[in-house]
Structures are given as C-alpha cells and as structure tokens.
Amino acid sequence: MNNRVHQGHFARKRFGQNFLNDSYIIDSIVSAIQPKKDQVIVEIGPGLGALTEPVGEKVDAMTVIELDRDLAARLKTHPFLGPKLTIFQQDAMSFDFAAYAREKGQLLRVFGNLPYNISTPLMFHLFSYAGAIQDMHFMLQKEVVNRLVAGPGSKAYGRLSVMAQYYCQIIPVLEVPPESFTPAPKVDSAVVRLIPHATQAHPVKDIRKLSHITATAFGQRRKTLRNSLSNLFSASALDAMNINATLRAENLSVVQYCQLANWLSAHPTPGE
Ligand code: SAM
C-alpha cells in the first residue's frame, strides 16, 4: 500500500501532512487539552479529523482552520462533526486570532498537530495574539519543544526559547514516535502546552527591540556580547545594566534580554 495514502487521502508534502494514526497518543492529547463545553476551541490543521473527532465529541461547537481545500470540504460533510464545525478554509498564518476572540467574547483555546514546515513562524504569529489566547497545545518536532523549554547555558537555548518564554509558560506534555503518523515523519515529535502569561513580570516596551536583540545576539552565539551586540550597546551601557560583556548570548536570562530591550527603548539612537 502507498504509505502516503491515509483514509483515501493522498498526503500532501507541501502542506506538512502527517496524519495521526495512534489511538493511545490521540487519547493522551485530548486528555491533556481537556476540552469543555462553552469554551472557544480552535484547531489548526484538522486534516482528516484524528483530533477533531474526539475533541468534537466533548463539545457542542468548535472552529477549525484548514488550508487544504479537499480536507476542508471533507470535514464539511463529516457525519457527526460537520454540523458542529465552523470551518475556515485558509492559511492559519493570516488568521486574526484577536478579532476572533473579540467576536466570541472569550479567550481562545488553540491546538493542532502543526505542519512542521511552518511551525516556528506560526508560533510567532500566535505569540503576537497571546492576549487573546487562554492556552495552546501543539504537536511539534521534539527538537523544537526542546528549544522552547531550554534555559540559559544549554545548547538548545536560543531566540525561540527567549521569545516563547517571554510570552508563555511552557510545559512539555508527551513524546511521540514517528510510527504514530501516516506517513511517518523522519523526526521524533512531542506535544507541548503553552500558557500565555496573564500578567508580564518583565514587560518590554517594544517587542521589536527584544526580537532584534535576540536575533543579533544568537545570530553570532559564539561571540562575546561585547562583540555580538557592539552595534547596539556600548561596553559602558552593558556595565550599567550589570551585564558581563564577556558572556555569550546563551548565558543571558529572559529577564536580562527584557532589560536590554527596555534600555534600547529608553535610549533611541539618533534618527529612530
Ligand atoms: N490534525 C491532523 C492529524 O493530527 O492527523 C492533521 C495534521 S497534519 C501534520 C497538518 C495539517 O495542517 C494538515 O491537515 C494540513 O493540510 C494543514 N495545514 C498545512 N498548512 C496549513 C496552514 N498554513 N494553515 C492551516 N492549515 C494548514
């Protein structure tokens, strides 16, 4: 049998289609999500409904965003799910989660077995709507989950760790082997829960500054901060913030990156 065909659908590589086929894993994910009636549940990439069906059994209504026109059409005529679903046949990268939360008058609970080719930009898109989201559960490459939860000093700690931890509390939920999908991906996967912070302990005035500093520092992670950040901070500025200029990007905490971002906001360079 062609292993790219699942339930009569030919899996499209360009849409990152790897369908869950493992009922133990599916049950574990649904238990982790704990969907409840009266919540606004949004699934990204429902595909053939592996997660949509068991979640849909627990609620009266849910919303799905699916880019693949054939799969969206299949869901529309699904025997028991069809009437419960609000289907957006579109790219989740262009979905306005804040407008949807406003329309529903509630924070959103978002989940999905994400297409791995766009999972990082999609998470950044969702972080920009963190204030409209109650929580998120995502299946990702295990290596991405490792980066999300990594702390200072570890090899996996990078820009994604700092940005994600700035927005959310991050809790790994479960590891998933390649055989749990059809077709099987080449990498291990894992499910993670992300809970946007209700209040920011160390808010930054301008998130673009945090984004820029982390990109600059981790873009040259082998260099000392004195060198990697020399275009943004003088040695005396780092000193004034009690940041040791001989450290490297991976040694700074999220709080210290926030401190750097706010210093830049308070000291705009001429022309900004
Ligand atoms: N949820 C299903 C499952 O667990 O078996 C399918 C998961 S599959 C890894 C990813 C799904 O996301 C596919 O159905 C794919 O068509 C859809 N998808 C891919 N890119 C998308 C995008 N930009 N926006 C929304 N859905 C997308």
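Visitor: Why is phenylalanine 124 called partly exposed?

Guide: Its relative accessible area is 24%. Buried means under 20% and exposed over 50%, with a 1.4 Å probe and protein chains only, so a value in between counts as partly exposed. The model is a predicted one, in which local features need pLDDT of at least 70 and side-chain atom pairs count only at pLDDT 80 or more, while totals for chains, interfaces and linings use all residues. Residues are numbered from 1 along each chain as its sequence is written, and side-chain values use heavy atoms, without hydrogens and water.

Visitor: What makes phenylalanine 127 count as buried?

Guide: Phenylalanine 127 has 1% relative accessibility, so it counts as buried.

Visitor: How many aromatic pairs are there?

Guide: The count is eleven. Rings of Phe, Tyr and Trp (its six-membered ring) pair if their centres lie within 6.5 Å; planes under 30 degrees apart are stacked, over 60 edge-to-face and the rest tilted.

Visitor: Why is the pair of phenylalanine 95 and tyrosine 100 called edge-to-face?

Guide: The ring centres of phenylalanine 95 and tyrosine 100 are 5.5 Å apart and the planes stand at 70 degrees, so the pair is edge-to-face. Both residues, phenylalanine 95 and tyrosine 100, are buried.

Visitor: What makes arginine 14 lie over the face of phenylalanine 15?

Guide: A charge sits over a ring if NZ of Lys or CZ of Arg is within 6 Å of the ring centre and within 35 degrees of the ring normal. Arginine 14 is at 4.6 Å from the ring centre of phenylalanine 15 and lies over its face.
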